[in-house]
Amino acid sequence: MKIAAVHTHVLEAALSKPFGWSFDSTRVRGACIVEIVTDTGLVGWGECYGPARMNAAVIDGFRRHLIGADPMAGEALWQTLHSRFRDYGQRGIVIAALSGIDIALWDLRGKALGVPVHRLMGGPLRTRVQAYATGTYRQEEGDPLDYVIEEVRGYVEEGFEAVKLKIGLDLEEDIALIRATRAAIGPERQLMLDANHGYDALDAIALGRRVADQNIAWFEEPVIPEDLASYREVKAGQPIPVAGGECTATRWGFLDILATRAIDIIQPDTAAAGGLSECKKIADMAAAFGVRYIPHVWGTGIGLAAALQLIAVLPHTPPRHTPREPLLEFDRSEHPFRQAVLTSPIEHLRGWVDIPAGPGLGIEVDRAALERFAA
């Protein structure tokens, strides 16, 4: 079996309501979907994190190194692509494109052998996972104390036991919203904060100290991702566990984070950090360093399925007598084709999601949806 073709599908859809976060906003959702076809007709699917057209352009550069190759030799192909393009990107778009290729190759191998990816990766340690709801983005009109609180109450009604709140805009307004959100969801549910690197260390420390009484599960991306010194300051200067890593890639990118204990909970994105192959390596490193691993998830059902396959085999971090299970980030913000690209959507039931057990990623892609949302 050889790789006969590598295709990219750039998808885009307008949102009914634009939404924003600490440093940006959007009126559309986009994705770069990877399709790898073998000479036997077998197809594997992957997804890249980030700007879709840029990812597709990088994959165009990968193509000549993939055509004619053995799709079962995933490690060799990962090393080849990473080495060939190391000079041009050790994180960001190049590694995101490599991630999409790697996920598609795992999907192919699972289908070729008739087993889910998590079986090939040594699992499963778990067959379902508790999800937390991600949303609470800012709208162009209205008061967040009204529409965000209404939104999180809806998550409670759906059965979610954990909710992540977007902050990182104005310190005083963020503090008021955190307190209002805690009151809305009750004292027993988990509440996470995500600043999308909207603060500097001083403001992040001030916020952490002032909302420490709100029983916050973690404080995500308090500062810009490349400033590990500020991460260490925030971690030392306030009591809430610090999370981050969605903008970091590969085992080498996480090495300093882990070795210096800069972050309490790392959050690699499977579609951005190097794919399933690399994220399993990062997870094993995290376990050795005693740092928790909770994947960042943002994209379509293909990326969600890849994250679930990884979660099935994530080692317990840190190792302990009573294991602490990972969580699944379950994006609830508007996304017109998130589930439409799948023939059977991945949904939650009262805040829990089953890990797909079919061959490969355990999903089937709806080609009509790829055509309908083609950019």
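**View 1. Lining of the largest pocket, by residue class, in a predicted model.** The lining comprises 13 nonpolar, nine polar and 12 charged residues, where Ala, Val, Leu, Ile, Met, Phe, Trp, Tyr, Cys and Pro count as nonpolar, Asp, Glu, Lys and Arg as charged, and the others, Gly among them, as polar. Of the 34 lining residues, Trp21, Tyr49, Gly50, Pro51 and Trp298 lie nearest the centre of the pocket, and strand E2 (25–38) contributes the most, with five residues. The pocket holds about 740 Å³ of space (on a 1 Å grid over the protein atoms alone, a pocket is an open set of points where a 1.4 Å probe fits, with protein on both sides within 12 Å along at least five of seven lines, and lining residues have an atom within 4 Å of a point). Strands are DSSP runs of E with at least two residues, and helices are runs of H or I with at least four, numbered from the N terminus.

**View 2. Pairing of strands E1 and E2.** The two strands run antiparallel and are joined by 13 bridges (pairing requires at least two DSSP bridges), while a hairpin connects E1 to E2 through four residues. Phe19 stands opposite Thr26 in E2.

**View 3. Crossing of helices H2 and H9.** The axes of H2 (residues 74–85) and H9 (residues 250–259), which are lines fitted to C-alpha atoms over the stretch in contact, come within 11 Å and cross at roughly 75°, so the helices are roughly perpendicular to each other (65 to 115 degrees). Trp78, Gln79 and His82 in H2 meet Thr250, Arg251 and Trp252 in H9, with heavy atoms within 4.5 Å counting as contact.

Residues are numbered from 1 along each chain as its sequence is written, and side-chain values use heavy atoms, leaving out hydrogens and water. In this predicted model, local features need pLDDT of at least 70 and side-chain atom pairs count only at pLDDT 80 or more, whereas totals for chains, interfaces and linings use all residues.

How values were computed
Points joined across faces, edges and corners; volume = space filled by probe spheres on them. Axes fitted to C-alpha atoms, helices over the stretch in contact; angles between N-to-C directions. Parallel < 35°, antiparallel > 145°, perpendicular 65-115°, else oblique.
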